[in-house]
Each structure stands twice: as C-alpha cells, then as structure tokens.
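Have the sequence and the model side by side.

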Amino acid sequence: MAQERPKEVRSEFLYFALRNRKLRVGLGILVFFLLFAIIGPFLTEYDPNTYAGPSAQPPSSEFWFGTTTFGQDVYSQFAHGLRSTFIVGLIGGGIGTLVGVVIGLLAGYRGGMVDEILNMLTNIVLIIPTLSVLIIIAAYLAVRGILTESVFIGLTAWPWAARAIRAQTFSLRTREFVDLARMSGRSSLRIVFTEIAPNMMSYLFLVFILQFGGAILNAATLDFIGLGPTRGMSLGLMMNNAVLWAALQLGMWWWLIPPGAAIAAIVGALYVMNVGLDEVFNPKLREM
Amino acid sequence: MLKLDGVSKVYRVGTFGGKELHAVSNVSFEVPDGEVVSLIGESGSGKTTIGRMILRLTPITSGTISFNGVDISTLQGEALKDYYRQVQGVFQDPFSSYNPIFKADRIFRIVREEFFPGMKDQEWNGKLEDSLKAVGLNPAHVLNKFPHQLSGGQLQRFLIARALLLDIQFLVADEIISMLDASTRIDVLNLLADLKESRGLSILFITHDLSLGYYISEHAVILYRGCVVEMGSTDRLYNTPLHPYTRMLMAAVPRLDKKWEKVEVELRGKQSQITTGCVYYDRCPEAERSADCLTHRPPLVQVEDDHFVACSRYME
C-alpha cells in the first residue's frame, strides 16, 4: 500500500501542469519576455535616455527598433522599460496580492471582531482616492526609484482583493472538510493555508494577474504626469512619451507598438496561464 | 460518558443582532458508555447544532457538556487534541467532507501528522489497513483516489475509518446515511452496530428517521424546536409514545401496507415565535391543549422508569 509522500504529490502536480497546453503557451510567452528583460539591456550600447543618433529613424541594423523624435534608441528604451515594468508588476502586484490575501483569509476565517476591524480597514483604504494619494506621496519624495513606486502602488491596490477573498473564505469555512480538519486538531493558521487557500489557488493567481496588470498601469499613469522614477525608463513612460510627441500622427509606429504589444502580450499570457492553472488545480476540470 | 446539562444555543439575528434565535434551549441528556442514543428531530430542530457543540465546532451559549466528568468547553490546545482523540464525528454529506482538490486519503495523512507524528511508515500502514478493513473496504481499491472517484458509501466508510484510527470512545454520527443509496445504508448502519459491540463505542446517532433510531439505539431523544419533548428507552418510547409530537411522528412513518392519503396528522405549523409557552403549541391538536400551554412551558417529567416527557397533560 502506497502511503503518499509530499514529494509524489508535487511531481504529480508538475505532471499535470506540464501536460496542460494553455499553461505551457502562457508560461512560454512570459518566460520569453522575462528573459528579454534580463538579457536585453546588455545587447545595446546606448543608454535609454541619451541622444544616440538621428531623430525619428525607422528600425535599421544600427537602431533595431528605430529612434525617437529626440534620437533616443527605442530598443534600449524597450529593454530597460521591460525590466522596470516587470519589477513594478512583480513587487507592486506581489505586495497587493499578499496583503489582500492575508487580510481576506484572516477576516473571512476568523469572523467576528477580527473581521469587523479588518473589514473597516479595507473599506477605508478602498474609498481613499488612490491616485491622489499616490500623487501626493510621489510629490513629497525628491528622489524616487522604481522600488518605492512599486511599494506604494502595492500598498494601495489590495482592498478589492481582500474583499473578494474574504467572501470566498466565508463560503469555504463552513464546508465540512474544514470541520474535519478542526477535529483533527489542526491549528487555525494551518487550516487557512492548507485547506482553504488551495481551493482558491487559481483565483489567487487571477488576483495576482490583475494586481500585476493594475500595478503596471498605475505606474504608467504616475510616469505620465512626471511623478514616476526620477531616473529610469518604463513601458508606460515610453507609450506616454510616444503619445505626447504625436508618434501616432507622425507614423512612428516603432515607438508605439513595442511597449503596447509587450504589455498586452504579458497580461494576455498571464490570463491564459490562469485558465490552464484552473485545470491543474481542480482535478474535476482535468481531461483524464 | 457524555453528559449534556442545560445546554442552550442562541444566535443573534436580524439587523444589528437585535433578535434572538433559540436553536437549542435547555437540553439535558446523557450517553452512557457503550450505548447508542438516537437524537431525533425534523429540520431546524437543533439536532445538528447539538452534535456540533459536542464536537466543539460551535460554541455553547449556556449550560455544560462534559465528557467523563470534564467540562469540554474549557479544553484548549493539547487537552482539546486529546479530546478529539476520544471523540470524533461523521457528517451527513460525504462529498463535502473532503477537500475536492486533494486525494481522499489525505484525511488519514492529516490524522497521522497531528496525532501520530513519530510513527514508522510500516506500523502506520498496518494500522490504516486494519481500520479500512474494519469498515469493510479493500485498501488497494480505495487508496490514492480523488473524492469524485469514490462512491458516497465508500467516502462515508472512509470517514468512519478515520475516526477508528484514533481509538475513539464516542462518535457523533450526524445523518450519516441520509445521503447514501438504500442498498449501502444498511451496511453502514450494521457497521456502526458492530463497532459498538466490538469496541464498546458510544454513538450519538442523529437522524430525522424514526425507524433508523429504533433499529440501532437503546435510548432515543425526541427534539422539537430546540427542546427535548420526550426521551427514554427506545422500546418504551416507540411502544407508548406520549407526547403529541412523537405520536404524530409515529403516524407519519411510511408503511408498506398503508396508502398515504388519510394520515391523521396535522403538518401545518404556523411559524410564530413562542417565548414562554409550550414549543409545540402551534401544532398541537386542539383537543389536547389548554390555555395553560400558551403561558407555561412544561418541564421534562418522568412518567415511568426510563421515560420522560415534556407535556402539560402528564404533569401532576
């Protein structure tokens, strides 16, 4: 009789994960852009903000993605922008998800007074006009890095996630398998993270995707009004610059399309992964 | 021995918790060692709440539940775990008792991690095999499967096997066969009876089905709207039901030799809130009730040896 070992569980999970085409495609696209963000900046000699060559050049062997109105290398901007976009998405989205998940799970499982307090906190943060607060905070800090920006974005983005997870936890905690775990002497914390959270895994991943995308867009907004990183580049900044300098009207597609397409592809890949992961996590959806 | 003494459960309902809902009021009974006691009642009678309070899944509003003389509401940490070593429950819906995304035998692994952390693989596997065999399952056929790959009867036996791993003395069986096929029902029922005989297990058998209660138990407790209306030895209760509610229930048991058109029962209950009078006042046949019933709640009185009833007609 085979007593299941945790290692076997993991390998089985991996087996279904690797067999799922949606997951493979999504992961492939994501890894491609991730590698691009890591390696890309080393392949160019130009700094994203220096005036490297003639202005408004279409893509050529010298400037792979062409140049901007000011003669900056678009490829260099794209590679560096991709990097900071990933950082903002990961840190901002990560913090937003983490805070939302912890508060949502605790409020939902504990209920009562803990729920009242956490719910009040959630509602307060939810009704704060996030963008104005971000603008004020950004305006106070003289030197701003991508990291600070991500942390602020993450700390203001969690409330809706917390609310949704709280509601899900409410419905899951009354299920009998939770009672069974309690009768097995499991601690509340373990029940929350080993019984309730796994049931929401695909949902938690969706939350992360939305937080990831939201963080990127929030960052782009801040960048646009001049409150982004004081020195640096991001895809949002590129797009906003392109719009600002009428790249669309002047037919400079090479300035506009790469950042837009990259954001769309990254978020799209995450969505496809989410559907695939749903099948991996929920055995009922699997095609056996 | 498990003993309930004046146990009540009150929920706050309505806007700002302004109203009270008495799910269980002032219930006292005991389950002696090695006996099966049936807790019988309709939906909403509070029978599941009582089971959950015994299992420490729902806190008690007032009264005490004691197990072998120890008040269980004060148990914490290790003491509570020790209590669960002796007292376990099996619920109505075998499908929702399993976390759908894990394999069904994970319930055994949790028991091992929590209660037998130091046990060697071989010893554990032997123990698991014994307890699966005790509930009539073939380990090779049922282990390493997802809940949706097993039948309701198998899942329900799994839950009983899980309880048996712990050398329990007391089992709360909450409607455990109501979701099973008729053919598997009797097997599970007989399994409980066997366990009682072979292990001296005490069982609180919660059901809405009178005939099941008669089949399996020595004592029965009839619950109506959170109050005990009649209790006593199964034989006495079933042969001479005294409370009008019990008699109505007896008359409502479907019988093979009778068409179900002229049942002499009144099932139309008005849902009014009774706070002081008899809980059964609304549905009590007119002839039997008096004005007193509306103002005084009759206490549970002994009418004969091992037979108690809460009805004003039997008060001296």
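Ile222(B) stands opposite Glu230(B) in S10(B). The model is predicted: local features need pLDDT of at least 70, side-chain atom pairs count only at pLDDT 80 or more, and totals for chains, interfaces and linings use all residues. Residues are numbered from 1 along each chain as its sequence is written, while chains are lettered from A and ligands numbered from 1 in the order in which they are written.

Strands S9 (residues 219–224) and S10 (residues 227–233) of chain B run antiparallel, joined by 6 bridges. Strands (E, at least two residues) and helices (H or I, at least four) are DSSP runs, numbered from the N terminus. Two strands pair if DSSP finds at least two bridges between them.

In chain B, 8 strands make an open, mixed sheet, ordered S6-S7-S8-S3-S9-S10-S12-S11. S6 (87–90) and S11 (301–304) of chain B are the edges; each has a single partner strand, so one side of each lacks a neighbour in the sheet.

A residue is buried if 20 or more other C-beta atoms, placed from the backbone, lie within 10 Å of its own.

Chain A has 12 helices and 0 strands. Of its 288 residues, 43% count as buried. Its C-alpha trace spans about 75 × 45 × 30 Å along the principal axes.

Note on methods. A residue is buried if 20 or more other C-beta atoms lie within 10 Å of its own, exposed if 12 or fewer, and partly exposed in between; C-beta atoms are placed from the backbone.
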